[in-house]
Structure formats: C-alpha cells, structure tokens
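Q: I am new to this structure, and I would like to learn how to read its features one at a time. Could we go through them together?

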Amino acid sequence: MTANSTQRTERLTRSNALLLVVDHQIGLYSGVRDIDILQLKHNIVGLTQAMLALKVPIVVTTTTENMWGPLIPELAEVLHGVQRIERTTVNAWDEKRVVDAVKATGRKNLIVTGISTDVCLAFPAMSAIADGFQSYAVIDASGGFSQTQVDMGIVRMQQAGVVPVGYSNVAIEILADNAAPEAEAVYGALGIPFSTLVFGLKQYYSRSDEKEKSPVAA
C-alpha cells in the first residue's frame, strides 16, 4: 500500500480545477506510438476547448522549442489567447514560472496532459502531489513513445497517488449539469453532437407518446 492509496479525492468542479498542458509540440508528436495521432489531437484539442468553455484556468508549457518545435497548430489556434511558458527543464514542475502560474490560480486539483506520458505528464503530476496538489493524469490526451513506457508511467503515477482519467469524463464531471448553458459547447468540443442527441431523444419520446395514444385493435 502506498502513502497515497487511502487518500480521498474531491469532486472536480469549475472552481477547484485547472488544466496543465505540457509539451504538445510538433517534434514530440512525431515519436508518439501508443495512440493514433489524429485521435490524440482530437482529444487534447477537445479537452482544451471544453475547459475554455467552462472557464477553467489553463497553464501551457513547452520545452526547448528550438529542439522540439512549437505547439501543434491545432492546439495553438485554440490557445491563441493563453500565454505559454517555454522552459528547458525536463520536469515542468522544476520551472518556477510554471509552478507560480499554477499556484496563482488558487486551485488544488491539477489536471495534467503531456507528451510523453511517462515523462512530460508523469513527472509534473507526481511532483505536484508532493507540493500539496491532487493530480489527475489525462491518459488519452497524452501520448508515449511505446506502449511499455506508457504502461510503466501510469503504474508509477498511480503508486504516487495520481488519478488516471479520460479526456471526456473529466470535462463532463466538471460540467456536472446537462442544463448548464455551457453544455452544448462542452459536448461539441468533445466530439459529442449535443444538439443531435437532444433531437434524437425528442424523436424517441415523441414516438413513444404516439404509441401510448394510439387505439388498441380489437
């Protein structure tokens, strides 16, 4: 049993969570092998758009851009109003500007995504726990250079008390209420056609009502 195995996590909300986006850079994407690149881009962009719709703070960092290149264009476009922090440290949490930006939000539930899973994601997620944060690692909005590296990274994070999550369930947990004004934007960002689903449900209930009202044949 680890020191954090009995720790209780609190429910993620708009007022207690923030998103840390680590090293989603063009050069690093070229080495991802555990997830389809188009799916990975869909997931990280969708998660980011959902967090923006929910007004959840986002901290963005890259490492050594002259080596690994800039943010992927799809993500840079979504984050055009969010200043990124370029650093040289391997562990994003070793960069004081990153830690200061996270602490400035006043939130303690850190949702982390990064390339690669076992380094860019795992290192800051584990380090943040040592600083009193609760970390949530978004596995399907991160990527690794082999499945073995990803698996070992997840095991190590869990042993340290990091909670693995998926890109859609963490956003929907924060949304909390399908009647919220941001619901359509959140589901749209995640690739779930909210308006189509609602229309389908209306059609279903309409047909059910018609069946109930129709006379029974003698």
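Q: In what sense do S1 and S4 pair, and over how many bridges?
A: In this predicted model, S1 and S4 pair in the parallel sense, and six bridges join them. One of the positions to look at is Leu20, whose bridge partner in S4 is Val112. Towards S2, Leu20 stands opposite Val59.

Q: How does S1 pair with S2, and what is the bridge partner of Val22 in S2?
A: The pairing of strand S1 (residues 17-22) with strand S2 (residues 58-63) is also parallel, and it runs over four bridges. Val22 has Thr61 as its bridge partner in S2.

Q: What is the order of the strands in the sheet, and which strands stand at the edges?
A: The sheet is open and has six strands in the order S3-S2-S1-S4-S5-S6, with parallel pairing. Strand S3 (84-87) and strand S6 (163-165) are at the edges, and each has a single partner strand, so one side of each is left without a neighbour in the sheet. From one strand to the next, the twist averages 25°.

Q: Which strands does helix H5 touch where it packs on the sheet?
A: Helix H5 (residues 96-104) touches S1, S2, S3 and strand S4 (109-114), and its direction makes about 155° with that of S3. Helix H6 (residues 117-130) packs on the sheet as well, where it touches S1, S4 and strand S5 (134-138), and its direction makes about 165° with that of S4.

Q: Are the residues of S1 buried or exposed?
A: S1 is mostly covered, with six of its six residues buried. For the protein as a whole, 45% of the 218 residues count as buried.

Q: How are two packed helices described?
A: The description uses the angle between their axes together with the distance between the axes. Here, helix H2 (residues 37-53) and helix H8 (residues 167-175) pack at an angle of about 10°, and their axes are 9 Å apart. That angle makes H2 roughly parallel to H8. On the H2 side, the residues that meet H8 are His42, Asn43, Leu47, Ala50 and Met51, while H8 brings Tyr167, Val170, Ala171 and Ile174. Sorted by class, this contact of H2 with H8 has seven nonpolar residues, two polar ones and no charged ones.

Q: At roughly what angle do H6 and H7 cross, and which residues make the contact?
A: The axes of H6 and helix H7 (residues 147-160) cross at roughly 5° and come within 9 Å. This makes H6 roughly parallel to H7. From H6, the contact is made by Thr117, Asp118, Leu121, Ala122, Phe123, Ala125, Met126 and Ile129, and from H7 by Gln149, Val150, Gly153, Arg156, Met157 and Ala160. By class, the contact of H6 with H7 has nine nonpolar, three polar and two charged residues.

Q: Where do nonpolar side chains tend to be found in soluble globular proteins?
A: In such proteins, nonpolar side chains tend to be buried together. In this model, the largest nonpolar core has 41 residues, of which Leu47, Met51, Ile111 and Ile174 touch the most other members. At least two residues of this core come from each of S1, helix H1 (26-29), H2, S2, helix H4 (73-78), S5, H8 and helix H9 (183-189). H2 gives the largest share of this core, seven residues.

Q: With which residues is Ile174 in contact, leaving aside its neighbours within four places in sequence?
A: Ile174 is in contact with Leu12, Thr13, Arg14, Ala17, Met51, Leu54, Val56 and Ile111.

Q: Where is Ser116 found, and is it buried or exposed?
A: Ser116 is found in the loop between S4 and H6. Ser116 is buried, because its relative accessible area is 4%, and the cut-off for buried is under 20%. Not counting residues up to four places away in sequence, Ser116 touches Leu121, Gly143, Gly144 and Phe145. Ser116 and Gly144 are 28 residues apart along the chain, yet their C-alpha atoms are separated by 4.6 Å.

Terms used
Residues are numbered from 1 along each chain as its sequence is written. This is a predicted model: local features need pLDDT of at least 70, side-chain atom pairs count only at pLDDT 80 or more; totals for chains, interfaces and linings use all residues. Side-chain values use heavy atoms; hydrogens and water are left out. Axes are lines fitted to C-alpha atoms, for helices over the stretch in contact, and angles run from 0 to 180 degrees between N-to-C directions. Angles under 35 degrees count as roughly parallel, over 145 as roughly antiparallel, 65 to 115 as roughly perpendicular and the rest as oblique. Contact means heavy atoms within 4.5 Å. Ala, Val, Leu, Ile, Met, Phe, Trp, Tyr, Cys and Pro count as nonpolar, Asp, Glu, Lys and Arg as charged, and the others, Gly among them, as polar. Two strands pair if DSSP finds at least two bridges between them. A nonpolar core is a set of buried Ala, Val, Leu, Ile, Met, Phe, Trp, Tyr and Cys residues joined through side-chain atoms within 4.5 Å. Buried means under 20% relative accessible area, exposed over 50%, partly exposed in between (1.4 Å probe, protein chains only).
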